[in-house]
There are 2 protein chains.
Amino acid sequence: MVKPNTKSRAVFFVSDRTGITAEALGSSLLSQFEGVDFNKKHLSFIDTLDKANEAVKQINRASLQIGEPALVFSTQINHEFRVMMSKSDCVFFDFFDTFISKMERSLDLKSSHTAGRLHGLNHYSSYSNRISSINFALGSDDGLGAKSYENADLILIGVSRSGKTPSCLFMALQYGINAANYPLIEQDLENTQLPDVLKQYKHKLFGLTINPIRLQKIRDERRSNSHYASLKQCQSEVNRAEDLYHAQCIPFIDTTQTSIEEISTKIIHKLSLR
Amino acid sequence: MVKPNTKSRAVFFVSDRTGITAEALGSSLLSQFEGVDFNKKHLSFIDTLDKANEAVKQINRASLQIGEPALVFSTQINHEFRVMMSKSDCVFFDFFDTFISKMERSLDLKSSHTAGRLHGLNHYSSYSNRISSINFALGSDDGLGAKSYENADLILIGVSRSGKTPSCLFMALQYGINAANYPLIEQDLENTQLPDVLKQYKHKLFGLTINPIRLQKIRDERRSNSHYASLKQCQSEVNRAEDLYHAQCIPFIDTTQTSIEEISTKIIHKLSLR
């Protein structure tokens, strides 16, 4: 259904490199405006004059088509290409130039104007950490858990499908944190003692919990109409997991209304991991 | 070793929510300055007056300690808390306020001033896509490959340890793209034909390649001194994989000097996946 009052607007994220930062901040700002249909395009790796010319053409074309200047969010560092795009038919949001002079003054230094510093391989050791943390999370997920706990920065515990694996992977990818996981199964929940294998790592534990109705829905998508996915089973597991967290004083977080980005930053903060 | 001329500077990333965007853009700007030792702190989920007061204290303390005002990168949306922090002893980089008025003028709309729109669950369907894409990537990685190719947005192919899995996971996490992978093993490389299971999905294929010396190093960390990790074996596999890509006209990318962010954005662009 076409809403007659919906405005349309072309949006471009432009960058010398991946454009991930331009998109993150641009999307964050756009999310503050409702009732506009934003038609988003990514112009990444604008690192030659030809590509910059082509970008300008695309921006002009989109603005002409919609009848309003496109919004362009830029982390472009190359001065020449940045100026070209800023002069096209658009409203130009310059994340680099807006702040860099203030930073230069404040630090009393000249900036290096080098593209691709953030999402490239410039800081090889931290990049390498992130990759090895991904492998660590995958290894832990494959049941190599017990072996990995020693080297883990933290161990997420929770019932099946409470969000452990995606959270571990996010912490690995984003922060290079070695996050292992331990799935709480029925035997673990018979009392409020920690499973033996976890006892010596209590300080690394963080619990996840989830609304049982939501859990039931997630499990049902996996194994429809199973005992595993029944509401009764989900309620029982969640209740007993929370009892365990309380009894053992393990910090925990409810993942029902919480994204993996929020889960991860909260855990990292709570365990002072950075 | 202490470099006598290295300046020190406290840096804070502040936000009502995760602070991921503040950190991304702030780090991107900081990476333009060399020779300064940036002491970074994250002040996430500043969503109460108490937390805002505590944040101001931390900023003032850090500035006093170093003897230079801290650099504060903010995506804080709450007006009151933002003003409090901007008045602390710091240089305040306001990613929200700097651009939002220009956006309001350009869109002829008022912004909603709602925090947590980007990394929260506000767009549930796209969040849900990302989680299911993570599960998709993990499933594909567990050897469920053949079954998953039908539903894949793309299939990464390459020799063992060329970077397939981390790239698939990043595309899932960041973009909700269903990326499967197929590891090219020796039998697949006996000629330049595609493995049978991939033939009908040729349009979804993207190849990874890697410098053999780098590959040898990565494999050696896994299985030291094995045939698998020998330079000769690495060279042979990489050469034959590239022959296959050329013979079958499969686009491919060298991952040696390329981060998973760069690999992913390049592939997505090339296959027009967004």
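Tutor: A:Glu186 and A:Arg240 form a salt bridge, with their closest N and O atoms 3.4 Å apart; the term stands for a side-chain nitrogen of Lys or Arg within 4 Å of a carboxyl oxygen of Asp or Glu. This pair links distant parts of the chain, 54 residues apart: A:Glu186 is in the loop between β6 (179–184) and α7 (196–199) of chain A, and A:Arg240 is in helix α9 (residues 231–248) of chain A. Helices (H or I, at least four residues) and strands (E, at least two) are DSSP runs, numbered from the N terminus. The model is predicted: local features need pLDDT of at least 70, side-chain atom pairs count only at pLDDT 80 or more, and totals for chains, interfaces and linings use all residues. Residues are numbered from 1 along each chain as its sequence is written, chains are lettered from A and ligands numbered from 1 in the order in which they are written, and side-chain values use heavy atoms, leaving out hydrogens and water.

A:Glu186 is partly exposed at 36% relative accessibility, and A:Arg240 is partly exposed at 24%. Here buried means under 20% relative accessible area, exposed over 50%, and partly exposed in between (1.4 Å probe, protein chains only).

Over all chains, the structure holds 21 salt bridges. Another one joins A:Arg9 and A:Glu68, at 3.9 Å between the closest N and O atoms. A:Arg9 lies in strand β1 (residues 7–14) of chain A and A:Glu68 in the loop between α2 (49–66) and β3 (70–74) of chain A, so the pair ties together parts 59 residues apart in sequence. A:Arg9 is buried, at 4% relative accessible area, while A:Glu68 is partly exposed, at 38%.
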